[in-house]
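Here is a brisk report on side-chain contacts in one structure. Keep the sequence and the 3D view at hand while reading.

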Amino acid sequence: MDMLLNPLNRRHRLRYDIPVVPGAFPLVGHLPAIVGDLPRLLRRAERTLGSHFWLDFGPAGQLMTCVDPAAFALLRHKDVSSALIEEIAPELLGGTLVAQDGGAHRQARDAIKAAFLPKGLTQAGIGDLFAPVIRARVQAWRDRGDVTILRETGDLMLKLIFSLMGIPAQDLPGWHRKYRQLLQLIVAPPIDLPGLPLRRGRAARDWIDAQLRQFVRDARAHAARTGLINDMVSAFDRSDDALSDDVLVANIRLLLLGGHETTASTMAWMVIELARQPVLWDALVEEAQRVGAVPTRHADLAQCPVAEALFRETLRLHPAVTLLPRRALQELQLGQRRIPAGTHLCIPLLHFSTSALLHEAPDQFRLARWLQRTEPIRPVDMLQFGTGPHVCIGYHLVWLELVQFCIALALTMHKAGVRPRLLSGVEKGRRYYPTAQPSMTIRIGFS
Ligand code: HEM
């Protein structure tokens with residue numbers, strides 16, 4: 001099937017001497033092709049126009065996209081700003097650290113990051129908190145015999161992330177509803193009328209923020225609440241220039257958002273790959289039987305190299321965050337070109353993650369790339385999490401929860417004498433933007 005591009009827009013144009021990809025539609029630009037077929041769009045643009053080209057993101061405007069791996073280094077460049085993220089998604093990401101630069105970013109990040117490092121996660125007992133939740137969920141899958149995988153991993157991740165925040169189990173259904181309404185802000189048209197997504201999404205955000213504000217007050221009053229919020233509140237209160245509760249609340253909301261769909265998508269892809277490649281499943285079962293139980297501490301993860309390789313290779317082939325937007329604050333050299341100050345940039349993580357310049361046989365799923373390597377993991381090996389000052393805060397948490405999940409799945413299913421099997425096609429219905437995910441309809445059987 002051909003890509004969703006506008007057949008009436010075939011003219012080749014230049015903007016600041018850089019080609020504009022033909023085929024944009026009025027209002028939505030290239031978004032239909034970006035959402036449905038990003039890898040092919042990027043490859044075609046590179047083949048026909050070279051390494052630098054403009055893509056039109058509809059309401060977010062045109063972003064100069066560079067598929068030269070040199071663009072990855074922009075994420076560390078002092079003259080490149082993240083503020084464009086707030087302009088693209090003001091309702092959801094406004095006032096959060098992912099859209100800030102320099103001192104403001106550092107201050108907010110420093111107050112949060114310790115809780116997400118292996119030591120912080122171990123001290124807060126996060127692995128022990130997650131293991132029973134994950135085990136119960138995969139046991140339910142075994143009993144049901146087949147599942148719609150992305151819906152299931154989405155639900156499981158929401159449960160994990162809420163338990164991380166210390167949200168009591170009886171409050172989960174209410175949170176669930178509000179969280180789904182909050183997500184409508186991603187696609188809401190800018191019309192603020194009763195009953196429309198913008199109004200509903202804002203109301204949900206206000207409800208969530210009010211609850212989080214109460215959590216913060218409880219944590220200060222040393223109420224009996226577990227989870228990472230306590231650690232973050234005390235780190236915030238210890239920071240030199242005390243940060244306002246509004247900043248803390250916006251960033252806790254960012255953690256809910258950042259840790260949910262990304263990990264749910266990766267978890268679903270893992271199950272899909274295990275179902276369609278029996279040798280992967282066999283290798284995982286062998287490892288799970290050897291370790292015998294779901295690991296709960298970071299120190300135990302070294303015992304699970306197959307599960308770790310599965311996590312890394314799944315993310316390499318199916319990165320959940322495909323593109324990162326930035327703005328050039330000064331004129332920059334990028335590959336062979338000068339980029340004017342003020343240019344809006346798009347850094348295509350997806351393209352690098354599957355690039356032949358960085359990986360041998362990039363389209364093949366190979367655990368051996370990770371199992372046989374002798375050198376430590378470099379920034380480019382985990383580029384799916386970004387790099388530089390904004391590199392993902394959740395990296396160690398994702399690693400822990402995905403290894404826990406793999407081992408729990410293998411132990412549970414193997415004990416019941418069943419294995420995952422793909423019950424539907426994989427290629428149709430994939431999405432690549434704003435985050436990437438497999439089709440909502442893919443079913444996995446356990447038999
Ligand atoms: C497979 C799962 C995940 C992927 C692929 C992923 C990917 C990313 C990427 C690419 C960035 C960089 C954004 C940028 O440079 O603009 C990022 C930032 C971030 N991630 Fe993740 N993420 C994942 C899971 C998580 C989890 C579980 C959490 C927390 C619970 C989290 C919290 C954050 C936060 C707070 C930032 C902003 C950091 C900053 O701006 O300093 N992420 N993530």
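R220 and D245 form a salt bridge through their side chains, at 3.0 Å from N to O. R220 belongs to helix α9 and D245 to helix α11 (residues 245-258), so the bridge ties together parts that are 25 residues apart in sequence. R220 is partly exposed, at 33% relative accessibility. D245 is also partly exposed, at 25%. Bear in mind that the model is predicted.

**Salt bridges**

How many salt bridges does the count come to? The count is 30. Side chains of opposite charge can pair when their charged atoms come close.

| Pair | N to O distance |
|---|---|
| E91 and R202 | 2.6 Å |
| R180 and D155 | 3.7 Å |
| R220 and D245 | 3.0 Å |

The side chains of E91 and R202 meet at 2.6 Å. This pair links distant parts of the chain: E91 is in helix α3 (residues 90-93) and R202 in helix α9, 111 residues apart. Is E91 buried or exposed? E91 is buried, with a relative accessible area of 19%; the cut-off for buried is under 20%. R202 is partly exposed, at 26%.

The bridge between R180 and D155 spans 3.7 Å. It joins helix α8, which holds R180, to helix α7, which holds D155, across 25 residues. R180 has a relative accessible area of 37% and is partly exposed. D155 is partly exposed as well, at 24%.

Shared partners build a network. Its members are E91, D192, R199, R202, R205 and D206.

**Aromatic pairs**

The whole structure holds 12 aromatic pairs. Take F162 and Y179. Their ring centres are 6.2 Å apart and their planes stand at 90°, so the pair is edge-to-face. F162 sits in helix α7 (residues 149-165) and Y179 in helix α8 (residues 172-183), so the contact ties together parts that are 17 residues apart in sequence. F162 is buried, with a relative accessible area of 1%. Y179 is buried too, at 1% relative accessibility.

Which residues do ring pairs link into a cluster with F162 and Y179? W175, W207 and F215 join F162 and Y179 there.

Helix α7 also holds L156. L156 is buried, at 0% relative accessible area.

**Charges over rings**

R15 lies over the face of W54, 4.3 Å from the ring centre. R312 lies over the face of W399, and here the distance to the ring centre is 4.9 Å.

C392 is found in the loop between α16 (368-371) and α17 (395-415).

**Nonpolar surface patch**

I191, L193 and L196 make up a nonpolar patch on the surface. Together they have about 240 Å² of accessible area. I191 lies in the loop between α8 and α9 (197-220). I191 counts as partly exposed, at 43% relative accessibility.

Terms used. Residues are numbered from 1 along each chain as its sequence is written. This is a predicted model: local features need pLDDT of at least 70, side-chain atom pairs count only at pLDDT 80 or more; totals for chains, interfaces and linings use all residues. Side-chain values use heavy atoms; hydrogens and water are left out. Rings of Phe, Tyr and Trp (its six-membered ring) pair if their centres lie within 6.5 Å; planes under 30 degrees apart count as stacked, over 60 as edge-to-face and the rest as tilted. Helices (H or I, at least four residues) and strands (E, at least two) are DSSP runs, numbered from the N terminus. Buried means under 20% relative accessible area, exposed over 50%, partly exposed in between (1.4 Å probe, protein chains only). A charge sits over a ring if NZ of Lys or CZ of Arg is within 6 Å of the ring centre and within 35 degrees of the ring normal. Patches are made of residues with over 30% relative accessible area and no salt bridge: like charges are joined within 9 Å, nonpolar side chains (Val, Leu, Ile, Met, Phe, Trp, Tyr) within 5 Å. Accessible areas come from the Shrake-Rupley method with a 1.4 Å probe; for residues, only the protein chains shown count as cover. A salt bridge is a side-chain nitrogen of Lys or Arg within 4 Å of a carboxyl oxygen of Asp or Glu.
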